[in-house]
Amino acid sequence: MAIQIYILSKLMKDNSYPYKLKKELSEPIPLDKLGGLTESKLYYHFETLAKKGLIESFETIKEENRPDKQVFAITAKGREELPKKIYQLFETADTISEMLVGIASIEYVERDKVVEILEKKLDNYIERWEQITNYDTHVQVGNDKEKLLELIGGYMETKVEHATFWLKELIKRIQQNEI
């Protein structure tokens, strides 16, 4: 879904072709390689979006001794679907790193609705953590497993603190229009 959001967001600004978007992703930081995005995956998502009627072939650029470049444009249906896809990404993402494309495309959605989704996610996250921390009072652990439980508990606590801190920070920055 993130790749499709990226494609639709780029096409909101200007018509483009797959190779150009791939090149933009690879410079100056090789985000394509870091994200495991191959050219074939990108072309696959362009084809999928075209079949769904979210984008359409706009023109074909012919250059001598080069393959033809099929330029795509976003359709009215694509403009309508982009915000839905972004909201869905925020709702289903488990980590901020999974939300990055949505964050980068936040201009196409209502910030208040994103904040609402993230606040609900934060509340659920905190509630789950409280349930987990209350669970250990009901479990009998032998002395041989006590150190293991301490290690796991410390790791999870640090992970939850980190995740909740950055989720709160993200919410704050969206509310303050810093992102």
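Buried means under 20% relative accessible area, exposed means over 50%, and partly exposed lies in between, using a 1.4 Å probe and protein chains only. These legends describe a predicted model, in which local features need pLDDT of at least 70, side-chain atom pairs count only at pLDDT 80 or more, and totals for chains, interfaces and linings use all residues. Residues are numbered from 1 along each chain as its sequence is written, and side-chain values use heavy atoms, with hydrogens and water left out.

View 1. Start with E169, which counts as buried because its relative accessibility is 13%. E169 forms a salt bridge with K172, and their closest N and O atoms are 3.5 Å apart. (A salt bridge is a side-chain nitrogen of Lys or Arg within 4 Å of a carboxyl oxygen of Asp or Glu.) Both residues sit in helix α8 (residues 143-175), three residues apart, about one turn of the helix. Helices here are DSSP runs of H or I with at least four residues, strands are runs of E with at least two, and both are numbered from the N terminus. E169 also meets R173 in a salt bridge, at 2.8 Å from N to O. E169 and R173 are separated by about one helical turn because they are four residues apart in helix α8. K172 is partly exposed at 35% relative accessible area, and R173 is partly exposed at 33%.

View 2. Side chains of opposite charge can pair when their charged atoms come close. Here E24 pairs with K10 in a salt bridge whose closest N and O atoms are 3.3 Å apart. This pair links distant parts of the chain, with E24 in helix α2 (residues 18-26) and K10 in helix α1 (residues 2-13), 14 residues apart. E24 is partly exposed, at 35% relative accessibility, and K10 is partly exposed too, at 29%.

**View 3. A salt-bridge network.** Look for E80, E81 and K84, which are linked in a network of salt bridges. The structure holds six salt bridges.

**View 4. V115 and its neighbours.** V115 belongs to helix α7 (residues 111-135) and counts as buried because its relative accessibility is 6%. Which residues does V115 contact, leaving aside its neighbours within four places in sequence? They are I171, I174 and Q175, where contact means heavy atoms within 4.5 Å. V115 and I171 are 56 residues apart along the chain, and their C-alpha atoms are separated by 5.8 Å.

**View 5. The largest nonpolar core.** A nonpolar core is a set of buried Ala, Val, Leu, Ile, Met, Phe, Trp, Tyr and Cys residues joined through side-chain atoms within 4.5 Å. Of the 35 residues in the largest one, I7, F46, F90, M99, V114 and L118 touch the most other members. The elements giving two or more residues to this core are α1, α2, α4 (39-51), β2 (69-74), α5 (76-92), α6 (96-104), α7 and α8. Leaving aside neighbours within four places in sequence, M99 is in contact with L89, F90, A93, L118, K121, L167 and L170.

**View 6. N177, past helix α8.** N177 lies in the segment after α8. N177 is not a glycine, yet it has a positive phi of about 55°. Is N177 buried or exposed? N177 counts as exposed because its relative accessibility is 52%.
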